[in-house]
Each structure stands twice: as structure tokens, then as C-alpha cells.
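Please read them with the structure open.

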Amino acid sequence: MIHSLFLINASGDIFLEKHWKSVVSRSVCDYFFEAQERASEAENVPPVIPTPHHYLLSVYRHKIFFVAVIQSEVPPLFVIEFLHRVVDTFQDYFGVCSEVIIKDNVVVVYEVLEEMLDNGFPLATESNILKELIKPPTILRTVVNTITGSTNVGDQLPTGQLSVVPWRRTGVKYTNNEAYFDVIEEIDAIIDKSGSTITAEIQGVIDACVKLTGMPDLTLSFMNPRLLDDVSFHPCVRFKRWESERILSFIPPDGNFRLLSYHVSAQNLVAIPVYVKHNISFRDSSSLGRFEITVGPKQTMGKTVEGVMVTSQMPKSVLNMTLTPSQGTHAFDPVTKLLSWDVGKINPQKLPSLKGTVSLQAGTSKPDENPTINLQFKIQQLAISGLKVNRLDMYGEKYKPFKGIKYMTKAGKFQVRT
Amino acid sequence: MAASPAYGEEKGGSSSLGEPEYGHDPASGGIFSSDYKRHDDLKEMLDSNKDSLKLEAMKRIVAMIARGKNASDLFPAVVKNVACKNIEVKKLVYVYLVRYAEEQQDLALLSISTFQRGLKDPNQLIRASALRVLSSIRVPIIVPIMMLAIKEAASDMSPYVRKTAAHAIPKLYSLDSDQKDQLIEVIEKLLADKTTLVAGSVVMAFEEVCPERIDLIHKNYRKLCNLLIDVEEWGQVVIINMLTRYARTQFLSPNQNQESLLEENTEKAFYGSEEEDTKDAKAEAASMAKRKPYVMDPDHRLLLRNTKPLLQSRNAAVVMAVAQLYFHLAPKAEVGVIAKALVRLLRSHSEVQYVVLQNVATMSIKRRGMFEPYLKSFYIRSTDPTQIKILKLEVLTNLANETNISTILREFQTYIRSMDKDFVAATIQAIGRCATNIGKVRDTCLNGLVQLLSNRDELVVAESVVVIKKLLQMQPAQHSEIIKHMAKLTDNIQVPMARASILWLIGEYCEHVPKIAPDVLRKMAKSFTNEEDIVKLQVINLAAKLYLTNSKQSKLLTQYVLNLAKYDQNYDIRDRARFIRQLIVPTEKSGALNKYAKKLFLAQKPAPILESSFKDRDHFQLGSLSHLLNAKAVGYQELPDWPDEAPDPSVRNVEVPEWTKCTSREKRKEKVEKPFYSDSEGESGPTESADSEPESGSEENGSSSSSGSSSSGTEEEDEEEEEEDSGEQSEDKEEEEEEEEEEKRPKRKDKEGSHKAVLRTAGSPSEEEEEEGAKKSKKKALQGRKGRAETSSEASTSESSSSGSDSGSEAEAKQRKAPPSSKASSKEISLLDLDDFTPPPPQPIPSSSIISTSLVTDLEGLTLTDTSLTPTLLSPAFSAVKTYELLHRMAGEGLAVEYCFSRRPFPSDPHMVAVQIQISNNTDTEVKNLRVNEPKPLSGMRIQEFPEIEHLAPGDTATVVMGIDFCDSTQAANFQLCTHTRQFYVSIQPPVGELMAPVFMSENEFKKEQGKLMGMSEITEKLTLPEKCRSDHTIVQQVTSAANVGRVPCGASNEYRFAAKTVTSGSLVLITLERREGSSAQLTINSEKMVIGTMLVKDIIQALTQ
């Protein structure tokens, strides 16, 4: 299936290559570079590029192109999903996934890749199995390794692959047994010029950090499971149980994982927690335009809106902007024409605003389009859909775990058209 | 080596080992030598005795490989370390070997013997990794060795090794495709494997080696469907894609005569996909009058049903695979379920979005209704990458219909003002398509587009012109105004395509604009020489048309244009001019065509149909690379058309060679079927342990290998076995010691010279090998005795040493003894064997379930006669005994414990529930002092421990009974299971039905008792009995299997009564099931214990309706 993998950085250097079958010359990447040149931006490089003898499937993450070379028919999503899994694994191993980190840990990276695919077919992609095979580098371990000459490769052969619960290793031990669940909801919305909602939906995830001894069997139930319209589970969740009782029953993987992602149906009215008042106008006659935006809270259920960040892509003809914010800091990049305004907290008594003038290139006519405003924000302790976890029970182990649950609402792709 | 100078130079810069004085030497020879020298220190490190140095060297080498530098000249130095003890060094050597073996085939052979040794290792993971590396070395000479290794591994006990074997198959095939036939045999064997671990990999091998051998799938089809949910995600994708093709060849199209049904049934069918039976019945009834009804093959339904939950997978590839399966295989009415899942994927990374949107675009053309509810999910954000925007636009256009067009057009209006000009152009085209498809909005669209003509951006205008041209062609008469407007644009617009379009329009409809047309031609004639080719051609066209319609005004102009064209640089234009001049200008020479010139030029032209580029893509299997590229990719398997006549469905029936086998297989299958997800009680069956023994004929002489048969041994036999076992063990130890010595010897020799090792494997058998051979066969003999691999006869014939023949005879003796004991055991303990009569899992073979139910009732009769012995407490009214897992083999480090409720009274305390525990030792060491420790029961609960098991030999199984007083609650009893080394926390949770014991009473007594338990103590529930659960036998069987109750005779034929007493408190539990007309029924339970009553109602209904 997957023949080879090339890692290409932003400047077009191939800094890592790995082959699972016969070696494919790196010159195959020339086709990729061609396509890259044709596409103006990195994200516009087509994920699938046919070449005379191979097909190049790529994903772009962390400013690195991961280019897989395949030779024959294979579902493209299979490869793409796998490549993303590779990136996730690197991130899991090294904390961040960047060119420098990969270069520094090239041996570990190589060993991990070797285990992930056999003859181009995924072999072990479950991070807990991989971590048993090849231990992730930590500062302590690096120090110890250099002194004692011991290794990152697990000397115990992993048993996880053989088990019915491949996502959990046996013999997990903790002194503090804890299970934390974060319910994070993101609002995707498009708000039109007049402030009415064109489309809004809520996408949520439950991320868990479970550090429990032994083989705990957890059940998590909701106060209002009906809210969840469409769900996708970590493989550990017993599907039948969900179908019949709407209860999440699972033997958790060890450590961090995404238990569930869900979608709250569009039929439910979505509360929009913030509004943006905007007045952006360009005049044909002069080369000056007016710019004024105000952000305010709308339906926040009494919670504070924090971490507000406004970004907007200005038209090409904008030369510069002279703005004064009532709070926070703002910046305008005259090259990319990107305006960003870090607002911070919204104080309902004194609404943050950003006012000023826009200077346009002389001689050009006014831009057709007003810029769209992208909004980011965070609301702690609130799940905007109203989803509530009812209880968490543990079976199969004796001790009493410490349980914690946190709610948070964030802006997803929150866009205001002007 | 041609490339190495270049590499060398590069290395000089980047590698810390570089020697600058050579790095700058322009002579290539110098660089070569520097290369040579540079690697010298690496070689030294590799040759040293210190592992840390070797490791450092290997790390540097791997880093070189990763950067794409050539490190092949280190091959001899590296390959020496293949037997290194340090595991990381070893792994890195493997990495190196796999990378360069192809280039250095001869040297690579040095390593083979190490892997061959690894293949025989007792540790399954080492066997697997040896096979993995061996098969990854692409050296054609070792093909026979690989073939042998694969064959051996395919019948390995460990499913992990078998999985590796499956992985190795495509590797060997790509190395030597002549091995196909042999490989197919291995694939066939592995396809029959029942473990989830193997399934995905072997299907992948099947797809790569012999995708055309669809006949291999028949027998495994149902198994694959049932295993699917527990296979790892990548395997799921491969299996689903393969099954899609399979289903297309084996089943009839579910949509062939549904058109007529669709109108009436859409709603119902859409929601009621679960209750297939009833729906199918309805559909049948409806279509009966019209034509031959379509009945979906149950196997077809099985596939659809078992793949549906996977739409919830977190893996986008799995979701897509299921979606395409539904699109290609499901009845139209059911395809809708995939839309939601696909829309969910749109939240993922942009690459995933890109692929999903391509597929959605194709689907939305065929099944527009499916995605209509999700229209807003395809709205475009300014932050989307352009390629995503354009695909979303495509989907929006496909979804447009009369009802939603106004909202879509409003969206489009905002898009047109976007800064992304490519996207704007695509939007204009999309508007054009909406206008052609939906007549209602054509005028609105046209007006909108005309307004765009005054846009400042030239690209926008040009695109609009092109689209307007197409639209106008549909109804030119009404739009002379627009044509006039466009004629004016020729002064400003510079985009050639747009200019050409305008000229064509004016030429085509010159009759509508008689005054303007010649004027345009005049202007164009002026600028002719500066125009683009495409425009020039249209100018000639316009001139010709005008000449034909209005020759008076345009004759001279036409002549002028034609003359200009005659001397044009482009030969196309010169040709065109010459051709047109001949055609339209009448001369004495001009032929017959002249008369038809007008007809030729001014014929009615069909309006172009604006259609999606995704229109015909669905002949490619969706989700495939070929579909994405809209071109057949290498290795693409065509999706076959539905057959007209369904092939024989019976090929998928799995025939059963003999009765005992069948039952054991059935049992296994059940186990396999519900490993993780299926049971809420967490019965995660050991999927792999179930068939770790090979299914050869020699199975019988293995008395203690599998868990099933052995436990039924009588005490007598047990004793004997123990004796024998201990004997074996001591022998084993000796054997091992010898073995160890044996192993040390070759290792020493390895160090002397690895060349010799190669000679040995390849060449004539030396003394040593003979010795080794003897050892091997001796070991084999032992194994044979244990029933693992070989038959004893083989062992004894190949044997020369005394101990060997000894073992052979011993084994034979045992073989003789085995049959009678097994017979005896089947009589002795009915409980476990009755297990075998469990009706098979719901769908697959309805016929066999009939047999088993009748057997069931026969046996029930038998037990009823037994009642005389125990008048009040009935010994178990027959029912299937379910086994539950107490300790999984993995969690228990080789110790597997299962329990079942034997439904016998616990002898020492009548208030206790007897729990039969079966412990099997799968480790290779003896387990001692197996006992229950520190029971920590909840308040009131009591546990009567089973007597300590002092020894449990490897591979042995022991069955014990313990009593638990659950206090009539379903709380779990927790305790520790201890061995001499470890302790395991386990818990037993009883189903409510096991908390009672059957009671015998007459009908009158029953009625009397029931009268006392009315009101609060009565729970009534209505239910619908499924078709297969309407016979008396089945109902009785289902109830008695759900709960340990006794049947009470009953006068009415449509009523069933059962009675039981809870074990601890002895409160009565009375069950009445009354059948009403049709399939409805009413279940009444009378019991003081309301909690038990409610739970029991639930359990029984579940048992009856599933």
C-alpha cells in the first residue's frame, strides 16, 4: 500500500525519507514541487497528485508536508488518515511536531515508522502499543541513556497487540488514581451582515485523561443524552451499550485520549454567545475608509467570555490601518493584510471596541468585498449545548479514583460577514 | 555507486565525521577514498565489543539512511551485528538490512540463518519479528525459505504470528509472482482463521494476490461480517471494500423493482431499518400484486447490518468505506443513514474534507435527497482553502432544487464578492448551472449575471459572459437586449474567451441585432491582427454569418477579414479562412455545398448542457483513488454490476463435518462473535485463545490442550493425567537443558565464522546438523504428545533415540485410552456439553436452530422425569449455560478463568448460588496454590470458597464449584484469585435469572400464589414476539435460558407459566406469558421482590425479542 514517505519542509527540502518496499527515488517529489508551485498557498496543494508511475498523497501539518508514495489503487482516505495518525503520534511522542524535533529524534522517528507500517500496511498505530515498543524520549531518559548506554527500545516485547483491548496495556500502576474528562464544545457559525445567524452548529468532544491502575471498566452517563445527534467513538466504547442505554461503557486507554466526538443537531437552536457590531466602509472618492467594530456578549448564561481574539483578512488594496482599541492589543500586517486584535475578556459594562481609519492604495477603486471577521473566544465552565455528565462509575477495580469533569465552550469556525 | 560522489560532497558539509581535506578535493577518486575512510570509524565502532559504541554507530547510520544518504558500503560491517544481543542495536540492524539487502544480495544471505533460528523461538513475538524481517528482505534466492516460513507460520498457534504470515504473503508475491498458487493455498487457510487479529491482514493479502478468487470468500463471508466490528480499523477498511465487490457479484440489486414501492414506503423504510423482517414483509405484500417480489438475501442484510455501527468510527477511512458500501449495496431508502456521518467528516482536516467532498459530490448527483437536510453544512467560509471552496460549491449546486434555490442563490451572492477570484469564477459557473437546471430562476440568474457584466474585475465579467452565452442559447429570442449590452462590452473586455463568446453570440443571433452586428464586425476587423487566435476564429465566423444574412452591409468587411486571415501566422486561421471563402462566396467553381452554406452556419444548435464534472464518476467504486482521479488507477478492481440471477446462496453455508466438531465450532464462533462490544456485561471472550490449536486430525490425542473437552474428564482420568504430566514435565526439563546446551554451541560457532553457517543451511548436512535434526524431531515428538503439532506416529518413525520411541509409545497408549474416557465424560457431566446445544447465533443458519430446539425440548422432557428425585427444587430445567469470563488470558498472564452458573443446588448451603469455575493454565509453567483470597463481599453476601488447587500443570484445565450467596441482589461478588506468585482481582456479577431456583407446583397452586401477589408485586409488560420466536419450544427455551425457572403445567394453550424461588430468601417468582392473537404477547411477573421482578421482565423480554 504505502510505498514510501517523504517529509518536506516549507522551503522544499526533503529532510526525511522512509521506504517500506523497494526504494523509490526522491526525484518523484519533483511532481509534488510542481504542484506546490502551481498552488499559491500550501493548503491549496492538492492532497492527491498523480504521476506517471506513482500517486502522491500528502497532508500538510505543522508546516511540514508528509508525502506518501503509493503505486496502486488504495482508498485515499486510508492513506490520508494514516498520515494524520503519524503526525498525531509524533506529537504524542515529542510534544510538538516540527522539523527540528524530527531531525533531533530521527532514530526514534525511524523506529516508530518502522513499527507503524509493515510492507506499507498499518501494523501498530495505537499509541500505547507503540510506546511499549519504543519509549518516547524524555529529558530524564536521555540523560540516563547517555550515562548508562541503555536504550529507548522497550526490552519487553509488547503484549498489547495480542489482547482484545489493544488500546490498554496491562500492569498499569498509579499511586494517585485519577480520571479527568473535559467536555469541550465548539460553535461553528456564520453570521450575516445584519447579525442574523445563517448557520450554527455545535461540535463537541470529550477528551479524557485517565490514570487508573489495573483494568478499570468505566461507565459515563449523561443527564441529557438525547442532545447528541451524531457521535463517533474511540474504539474502546461499547457500541451496543450506547445504542440500547445511551451510556458510555468502556475500558479506557491509559493516558490522554479522545473518548467521544459529537455533533449537536442543527435543529436545536444554538445560543450564540457573542455579537459583533461592525461599521466598515470604504468610499470611492477618497482613499480613506472607516473601520469600527465592537464585540459584546449575547447569550452567555452568565459566564464571562474570555480569550477573545478578532482576526480579519483585509482586501489587497488596503495600505495601512490606524486604529485605537479600547482594550487589548492589535496588529496589522501590511504584507499579508491580516488584522488581528487580541481583546481578552469582555466586560459587559464596558464593551471593547476598535476604531480608526483605513488608508487605501491611491488610485485603486474601493474593494468589492468587506472583509469577514473571524472570532475566537472561550467560555469556561459552560457547555453551550447544555450537555451534562450525570455520573461516572468504575467497575472492576477496588480503589476509589479521583474524578473530575470540566466544561468549556470555544469558538470553532466562527465567522461574521460584513 | 554513480551517485555516491555527489552524496559524498553533501556529507562533507553536514556530517560531523567529515574530513575537510578530502571533501574539497575535486577529483572523484579522492571523494571515494574519503567516503571509504569516513566510514572506517563507523566500522570500527561496529566491530567493537561495546554495545554502546555499536548503538551509536547504528544510530548514525540510520540517520544517514533517513536523510537519503548512501550507506551501502557499510553492509558487511553492519550485517555482522544481526545477532547482537542488544535489542535496539538489533532493531536498527534490521532497519538497515531491509533497506539495503536488495542491493547486496549475497551479503544479505549471511543474516538469513539468524532469522531462521528466530522462526523457531518459543516466544511468539520473536517468531513474528523474525518472519517480518525475513520476508522484508527482497532477495529472490531466499524465496523458497520464505515460502516455507510463511507456510509454517500460517499454522502457528499464535494469532500474532499468523497475522505476520498474512503480511508476508504480499511481500513474497511481489518478489516472485510464480508462487501465486502456493500463496493462494496459504491465503485460503488463513481466511478460515477465526481471530480478528488475522482477518484484516489476510484480506489485505487476498486483495493483493488474488482479488479475482471470489470463491475463497464464500465460506468465510458470514464470519467476516460478524468479526468486522472487532477487527482493527485498517483491516476494517480493506474488508469492507472487498465485501462490497463480493456482494455485487453474489446478491441481486435491492433497487431493481423498488421504484414502485418507493413512493409508499420511503418514510417507513427510512426509519425502520432495524426491523427488517417486518418491513420486508410489508414491502412484499405491497408489491405482490404487481410483480415478483424482491427479497433481500439474509447474507446481504447481514452485511448491511454489521457495517452500520462502523459509521460511528473515529477513523475517517472506515466511515468512508461504510458509506461507499451503503451507496453501492443498500436499498435506496436506506442509503440516507450515511449522510450524517459523511457530514461529520467535514469537520476533519482539509485533506479529509477534500476526499469526502469529492465523494459527496458524486453521491449528491445520484441521491440528492440524502444531503438536502445538511445543505448548510456545505456553506463556504472565507477561510476554507480554494480547492475545498470549489468542491463545496459543486455540492451546493448539485443540491439546488426549486425549494432551496433562493437560499442558495443568496449564498452565492456573497461568494461573488469574495477576494478569491478563482472561487468567484467557479461561483458564476455554478449560478449558470443552477439557472439551466431550474427553469424558475433562469431569469433571475440571468439578470444577476448581466449585472456582473459591469463588475470592475475583468475575470468576473469574462466568466459571466461565458456563462451568459450558454444561458442565452436556450432562449435567444427574448434577450436581444442582453446581446446588445454584451456587444458594447467588446470595447472593454480583454479576456479572449469572453471576447470570443460575445462574437459567437452576435454571429449566432445577428438577426436579433441587425444593426449592431455589422458595426461590431467593423470594429473587430480593425483590431483583427492584434487579437488572440481564439478571437480571430470567431471574427471569421461572425463575418461568414453576417455575409450570409446581411451580405449587403458586410460583404466588403468579410472580404477584408478573410484577406487578413489568409496571411495570418496561424495555419488554423489560414485554413479556416480558405474554407469559409470557398463555402460562402459564390464563384463559378464553387460546388454544391455553396447552396447549403446558410444551413451549415445558421443551423439550430442544441443548447449546451451544463453538467457536473462528477456526473458519471459513480461507475468507479466510491472512496477509491480511481474515483478521486476520475481515471483508472493501477490495480483498480472494477465494481461489477449486479447479476441478473442471484448465484446460489448456499455456497456460503458452512458445512459441518461431524457433530462434535460442529458444536465446538459453534461455541467458538459465538465466543468470537461477541468479544468486546457485543455484551454489556463485559464478556470479552478470548478471541484468540479459542482456536490456538491447529485443527488437524491429531487433535484427539491432545488431552489437555484445549479448554473445551478436557474439563469433562473424570476424576480417575485426572489423576492419571497428573501422573503423566509430572512425568512429562521432568522430561521437559531435561529436554530444555539439553536444548540450551545445543543452542549455545552453534552460537559459539557463529562467532567463529558466519560463512560457515550459511554453508550449513545451504549445503550438505554435517554431523552437527544430524544431531540437531535428531533433537528437533525429539522435540517434535514431545510436542506431538502434548497434542500441539505433530502426530505421534510421525514422531516415532523418525525417532532413533530411546527416549523418543518411548514417548511415541506413550502417546499411542494414551490415544487408545482417550476415546472411552471422552465418552464417559459426556455422560457424566451434562452441564458443559449441553452448552454445545446453544442455538447458534441469530442469523446465519436458521435450519440448524430448528434441530437444536427440538433437541432442547427432548432433553427437557428428560429432566422433568428427574424431578422425582428432588421434589421441591428442580435440578436445572434445561437451558443453555452461558459462560462468562472471570479473568482473561491476557489479564491473567496466561491464566484464563471462566465461570458459569451450573443451576444446581449448592450442596453445603441451599442459600448459595453454585458457580462453576473453570480455570485453564495457558502459561508454560505450573501454577500452584490456586485459591480464593480475601473475599470482600458486600454486606450480607457470603462466599463459600472452593478448595485450593495445589497444582495446575501447563495447558491443564480444572473445574471447581464455589457457592455465593448474593442476597438476592445483582451486586457483584468481588474476591481475589491467588496463585503462588500473583493475585488477581475478579468479580462475579450474576444475571438476575440466576438468583433463583426452579420450584415445582401445580396449576392451582400457581393460581393461588399468584392471587397473593397482586398489586404492587405484579409487573406486566406487553411485547411483540418476533417470528422465529413463536413456537412453544422456542418460548420455553428462551425463558428458561434467561432465568433458572421451572415450567408449571397449564391448561390454556396460549399461556406459559414458570415458577421459581429466590435462592436466599425463598420468595416466589411467578412468570406468566400469555400469547395474544398475532405476534403480541403479555408478560406478567409476580414477586415480592420488586427489583428482581422488574429486572427479570427486562431480561426475559430481551431473550424473547432478540
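1. Ring cluster in chain A. A:Phe32, A:Phe33, A:Tyr60 and A:Phe65 are linked by ring pairs into a cluster. Keep in mind throughout that this is a predicted model.

2. As background, an α-helix has 3.6 residues a turn, so residues three or four places apart point the same way.

3. Aromatic pairs overall, and one between chains. Over all chains, the count of aromatic pairs is 26. A:Phe82 and B:Trp234 make an edge-to-face pair, with 5.8 Å centre to centre and 75° between the planes. This pair crosses between chains: A:Phe82 sits in helix H2 of chain A (residues 76–94), and B:Trp234 in helix H14 of chain B (residues 233–250). Both A:Phe82 and B:Trp234 are buried.

4. A pair inside chain B. The ring centres of B:Phe75 and B:Tyr96 are 5.8 Å apart and the planes are at 50°, so this pair is tilted. B:Phe75 lies in helix H5 (residues 75–79) and B:Tyr96 in helix H6 (residues 87–100), both of chain B, so the pair ties together parts that are 21 residues apart in sequence. Are these two residues buried or exposed? B:Phe75 is buried, at a relative accessible area of 0%, and B:Tyr96 is buried with a value of 0% as well.

5. Chain B as a whole. Chain B contains 46 helices and 15 strands. It has 1106 residues, of which 53% count as buried. For contacts in chain B between residues at least 6 apart in sequence, 67% join residues at least 24 apart. The accessible surface of chain B is about 49,500 Å², and carbon and sulfur atoms account for 51% of that.

6. Five-stranded sheet in chain B. What is the strand order in the open sheet of five strands? The order is S1-S2-S3-S7-S5 (chain B), and the pairing is antiparallel. The edges are held by strand S1 (883–887) and strand S5 (942–944) of chain B, each with a single partner strand, so one side of each has no neighbour in the sheet. From one strand to the next, the twist averages 30°. S5(B) is joined by three bridges to strand S7 of chain B (residues 957–965), and the two run antiparallel. B:Arg942 stands opposite B:Asp965 in S7(B).

7. Four-stranded sheet in chain B. Another open sheet has four strands in the order S6-S4-S8-S9 (chain B), with antiparallel pairing. Strand S6 (949–952) and strand S9 (983–988) of chain B are at its edges; each has a single partner strand, so one side of each is left without a neighbour in the sheet. Neighbouring strands here are turned by 30° against each other on average, direction ignored. Strand S4 of chain B (residues 927–933) pairs with S6(B) in the antiparallel sense over three bridges. Opposite B:Leu952 in S6(B) stands B:Val927.

8. Positive phi values. Most residues other than glycine have a negative phi. A:Lys337 is not a glycine, yet has a positive phi of about 60°. A:Lys337 is in the loop between strand S18 (329–333) and strand S19 (338–344) of chain A, and counts as buried at 13% relative accessibility. B:Asn630 also has a positive phi, near 55°. B:Asn630 lies in the loop between helix H34 (625–629) and helix H35 (659–673) of chain B, and is partly exposed, with a relative accessible area of 36%.

Key:
Residues numbered from 1 in each chain as written. Chains lettered and ligands numbered in written order. Predicted model: local features only at pLDDT ≥ 70, side-chain atom pairs only at ≥ 80, totals over all residues. Heavy atoms only, no water. Buried < 20%, exposed > 50% of the residue type's maximum accessible area, 1.4 Å probe, protein only. Contact = heavy atoms within 4.5 Å. Areas by Shrake-Rupley, 256 points an atom, 1.4 Å probe, with all protein chains shown as cover. Pairing = 2+ DSSP bridges. Axes fitted to C-alpha atoms, helices over the stretch in contact; angles between N-to-C directions. Phe/Tyr/Trp six-rings, centres within 6.5 Å; stacked < 30°, edge-to-face > 60°.
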